[in-house]
Amino acid sequence: GKNILFGEFLINAQGEDVVAGIRTPKPISELETEMPEVYAEFKSNTDILENHYGDMQDIEFTIQEGKLFMLQTRNGKRGG
């Protein structure tokens, strides 16, 4: 596949909102428009993590009061 940032996010949400599927997440690309500085930091962090682990990453993060917190990362799964 293409080497692009892929994922989703929710504004004003908790983990339960994501898991329960009661709200529709937005594509991660929209974060660049909504919070450009946070997106730039997130993109930089994903590049660092993927270079360090040598593989694409499945990353969990949160944004609180405009500050990005990287919660966890693991090697991403690829579809067949």
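Residues carry numbers from 1 along each chain as its sequence is written, and side-chain values rest on heavy atoms, with hydrogens and water left out. Since the model is predicted, local features need pLDDT of at least 70 and side-chain atom pairs count only at pLDDT 80 or more, while totals for chains, interfaces and linings use all residues.

**Exercise 1. Find where confidence is lowest and where it is highest in the protein chain.**

Step 1. Begin with the chain as a whole: its mean pLDDT (the predictor's confidence in each residue, from 0 to 100) is 91, and 98% of its residues reach 70 or more.

Step 2. Then turn to the helices and strands, which are DSSP runs numbered from the N terminus (helices H or I, at least four residues; strands E, at least two). The lowest confidence falls in α1, with a mean of 79, and the highest in α3, at 97.

**Exercise 2. Describe the largest pocket by its volume and its lining.**

Step 1. A pocket is defined on a 1 Å grid over the protein atoms alone as an open set of points where a 1.4 Å probe fits, with protein on both sides within 12 Å along at least five of seven lines, and lining residues have an atom within 4 Å of a point. The volume, meaning the space filled by probe spheres set on the points, which are joined across faces, edges and corners, is about 1,500 Å³ for the largest pocket.

Step 2. The lining of this pocket holds 41 residues, and those closest to its centre are Phe6, Gly7, Glu8, Ile59 and Phe61.

Step 3. At least two lining residues come from each of β1 (8-9), α1 (15-20), α3 (36-53), β3 (57-64) and β4 (67-75), and β3 contributes the most, with seven.

Step 4. By type, the lining comprises 18 nonpolar, twelve polar and eleven charged residues, where Ala, Val, Leu, Ile, Met, Phe, Trp, Tyr, Cys and Pro count as nonpolar, Asp, Glu, Lys and Arg as charged, and the others, Gly among them, as polar.

**Exercise 3. Decide whether glutamine 57 is buried or exposed, and list what it touches.**

Step 1. Glutamine 57 lies in strand β3 and is buried, because its relative accessible area is 12%, and buried means under 20%, exposed over 50% and partly exposed in between (1.4 Å probe, protein chains only).

Step 2. With residues up to four places away in sequence set aside, glutamine 57 touches Leu49, Glu50, Thr73, Arg74, Asn75 and Gly76, a contact being heavy atoms within 4.5 Å.

Step 3. The side chain of glutamine 57 makes a polar contact of 2.7 Å with the side chain of threonine 73, and it also reaches the backbone oxygen of aspartate 55 at 3.2 Å. A polar contact is a pair of N or O atoms within 3.5 Å; within protein, one must be able to donate a hydrogen and the other to accept it, and residues adjacent in sequence count only if both atoms are side-chain atoms.
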